[in-house]
Amino acid sequence: MSTTENQRIIERRVEEIWNQGKLATIDELIATNLISNGQPIGREGFRQFVTAVRTAFPDIHFTVEDTVVEGDKVVIRYTGRGTHQGAFAGIPATGKHVQFPGIDIFRIANGQMAEEWLMYDQLGLLQQIGALPT
């Protein structure tokens with residue numbers, strides 16, 4: 001696949017799956033044997049992760065700030081924003097608005113996301129919902 005096609009897969013991942021909550025898109029874009037941060041989670045593990053985050057933050061929205069594509073790798077730098085309206089990491093809903101940065105690296109194979117390495121400001125997110133002291 002071309003770098004343009006690889007970039008488009010990740011753009012659709014962000015916009016359709018995360019921002020719009022179109023879980024059916026997962027079957028098209030995510031490999032059945034997806035590896036996430038070195039661990040095999042598969043397509044269904046990814047679906048469970050998206051569902052859990054979107055349940056906790058139903059208005060979650062990711063804005064991609066930068067994209068770098070080289071070969072089968074796509075890297076995005078983004079800002080996530082949402083309102084804590086459901087349990088997250090064992091913390092009941094607080095109604096607090098959160099904002100956090102992140103950088104993710106993806107490997108595309110056979111037109112699907114095969115691997116992802118996710119790094120976001122989890123400490124800052126947990127502090128914003130009151131799970132940890134600031």
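I take two strands as paired if DSSP finds at least two bridges between them. The model I am reading is predicted.

Entry on E1 and E6. I looked up how strand E1, residues 30–36, meets strand E6, residues 112–120. The two run parallel and are joined by three bridges. For Ser36 I found Glu116 as the bridge partner in E6.

Entry on E5 and E6. In which sense do E5 and E6 pair? I found the antiparallel sense, with eight bridges between E6 and strand E5, residues 97–109. Within this pairing I noted Tyr120 of E6 as the bridge partner of Gly102. I also noted Ala109, which stands opposite Gln112 in E6. The hairpin of E5 and E6 has two residues between the strands, and I read a positive phi near 55° for Asn110 there.

Entry on the whole sheet. I traced six strands in an open sheet and wrote down the order E2-E1-E6-E5-E4-E3, with mixed pairing. I then asked which strands stand at the edges. They are E2, residues 39–40, and E3, residues 61–70; each has a single partner strand, so one side of each lacks a neighbour in the sheet.

Entry on the helices. I followed helix H1, residues 3–19, and found that H1 lies across E1, E3, E4 (73–83), E5 and E6. The direction of H1 is at about 165° to E3. Next I checked helix H3, residues 42–56, which packs on the sheet and touches E1, E2, E4 and E6. For the directions of H3 and E1 I noted an angle of about 75°.

How values were computed: Residues are numbered from 1 along each chain as its sequence is written. This is a predicted model: local features need pLDDT of at least 70, side-chain atom pairs count only at pLDDT 80 or more; totals for chains, interfaces and linings use all residues. Side-chain values use heavy atoms; hydrogens and water are left out. Helices (H or I, at least four residues) and strands (E, at least two) are DSSP runs, numbered from the N terminus. Contact means heavy atoms within 4.5 Å. Axes are lines fitted to C-alpha atoms, for helices over the stretch in contact, and angles run from 0 to 180 degrees between N-to-C directions.
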